[in-house]
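Open the model in your viewer and keep the sequence panel beside it. The tour below goes from stop to stop, saying what to select and what is there.

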Amino acid sequence: MEDFVEQVWRLVLRRGPDPDAVERLRRGDVSRSRLVRELVESREFERIELLDDGLARARSERGRRGRPRELKAPAWSDERAIEIPWVLSRYAGESRVLDVGTAHAEQAYVEGLRDLGAPELVTVDLAQPADVIADVRSLPFEDGSFELALCISTLEHIGRDNAVYGVEDAPDDDGQEAALRELRRVLTDAGRLVLSVPTGEHEDHGWHLQRTPLEWIALFEQSGFLVFEDELYLHAGDGWRTATLAEAEGARYDDVAAGAVLVAELRPKRLAERVRLAVRDAWHRDEPRRSTAP
Ligand SMILES: C[S@@+](CC[C@H](N)C(=O)[O-])C[C@H]1O[C@@H](n2cnc3c(N)ncnc32)[C@H](O)[C@@H]1O
């Protein structure tokens, strides 16, 4: 009975069983089949499936060099269902890849990172577990060490109260800019930084700082990057969808999840300016939105 419970929990929910599962079976409260049905019909499994579908989408988009936009996710989900496929789709075969803020990442995201098949993937965080325990504001890498850096749902935490992640960090109002400048330094001149941040009203939550969309863009640009591509997403009543600047600007972060996110691909400014790479979205210039990126 223990073996059955262990196996089915690992297979469906990818974790150890609930403490009362074996006992419920022993008492005859549920049959084995009913237990399997409960797991498969749970919200927990629904979320696993949603993120799994996102990974599959990212894999298929990478296969055809797609840049998926206008993604959707159900209202009950958080921003991860948008960020993960958006970011992982944009891997283009780079050899040296850096991921920042991996320690507390979603299991699905870590699986997705490994699934990229990058010859060299280095994960960094102030907290364990990560390949390198380091501060993103001061990375132990040479200039130009990576062709691609990924940073989802992390920039907003730099220089904030990170006690929730088990690390002590002194308050640093310039931390986000310092992190961006350091990421610029460790990227090659032709490198890319693909990231996501919560956005909406300017809100200081102590453990993270949410900036307005235009504040984020200004910060990226003053830190040595140009926005090559971006998109705003909103947690609307009927689910997650792309948003206009006006819609996203009014979003609030609730206790645990973002009301809107900005996803973006940044490129080092000097090269990007020279070759005029801008395929970025137009919402922050008050121009009509592009429906698809080239
Ligand atoms: C919300 S979690 C990251 C989520 C994760 N990237 C994901 O995909 O789900 C934020 C992470 O940032 C890390 N962090 C905060 N400040 C940092 C710093 N200065 N340098 C490196 N990592 C930092 C925290 O330890 C934590 O693991």
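A crossing of two helices is left-handed if the near helix is turned anticlockwise from the far one by less than a right angle, and right-handed if clockwise. Helices (H or I, at least four residues) and strands (E, at least two) are DSSP runs, numbered from the N terminus. This is a predicted model: local features need pLDDT of at least 70, side-chain atom pairs count only at pLDDT 80 or more, and totals for chains, interfaces and linings use all residues. Residues are numbered from 1 along each chain as its sequence is written.

**Stop 1: α1 and α3**

Select residues 2-12, helix α1, and residues 32-40, helix α3. Their axes come within 10 Å and cross at roughly 25°; axes are lines fitted to C-alpha atoms, for helices over the stretch in contact, and angles run from 0 to 180 degrees between N-to-C directions. That makes α1 roughly parallel to α3 (angles under 35 degrees count as roughly parallel, over 145 as roughly antiparallel, 65 to 115 as roughly perpendicular and the rest as oblique). The crossing of α1 past α3 is right-handed.

Now show the side chains of F4, V8 and V12 in α1, which meet R32, L35, V36, L39 and V40 in α3. Two residues are in contact if their C-beta atoms, placed from the backbone, lie within 7 Å. By class, this contact of α1 with α3 has seven nonpolar, no polar and one charged residues. Here Ala, Val, Leu, Ile, Met, Phe, Trp, Tyr, Cys and Pro count as nonpolar, Asp, Glu, Lys and Arg as charged, and the others, Gly among them, as polar.

**Stop 2: α4 and its two partners**

Select α4, residues 43-63, together with α6, residues 107-115. The two axes come within 10 Å and cross at roughly 20°, which makes α4 roughly parallel to α6. The crossing is right-handed. On the α4 side the contact has L51, D52, L55, A58 and R59, and on the α6 side A108, E111, G112 and D115. The residues of this contact divide into four nonpolar, one polar and four charged.

Which residues meet in the contact of α4 with α5? From α4 they are L50, L51, G54, L55, R57, A58, E61 and R62, and from α5 they are R80, A81, I84, P85, L88 and S89. By class there are eight nonpolar, two polar and four charged residues in the contact of α4 with α5.

In the loop between α4 and α5, pick E70. Its phi is near 55°, a positive value in a residue other than glycine. Is E70 buried or exposed? E70 has 11 C-beta neighbours inside 10 Å and counts as exposed (a residue is buried if 20 or more other C-beta atoms lie within 10 Å of its own, exposed if 12 or fewer, and partly exposed in between, with C-beta atoms placed from the backbone).

**Stop 3**

Go to P129, in the loop between β2 (120-125) and β3. A cis peptide bond joins Q128 to P129, with omega about -5°.

Next select L139, in the loop between β3 (132-133) and β4 (146-152). L139 is buried, with 21 other C-beta atoms within 10 Å. Leaving out residues up to four places away in sequence, L139 touches V124, A134, E182 and V186.

After that, find S153 in the loop between β4 and α7. S153 has a positive phi near 50° and is a residue other than glycine. It counts as buried, with 24 C-beta neighbours inside 10 Å.

**Stop 4**

Select α8, residues 213-222, and colour its buried residues P213, W216, I217 and F220. Seen down the axis of α8, these residues fall within an arc of 100°, so they line one face of the helix; the arc is that of the directions from the helix axis to the C-beta atoms. They pack against α7 (175-186), β5 (187-198), β8 (225-236), α9 (245-249) and β10 (260-268). Just after α8, G224 takes a positive phi of about 100°.

End at A248 in helix α9. A248 counts as buried, with 24 C-beta neighbours inside 10 Å. A248 and G200 are 48 residues apart in sequence and 5.3 Å apart in space, C-alpha to C-alpha. Among the residues that A248 touches, not counting those up to four places away in sequence, are G200, P213 and A260.
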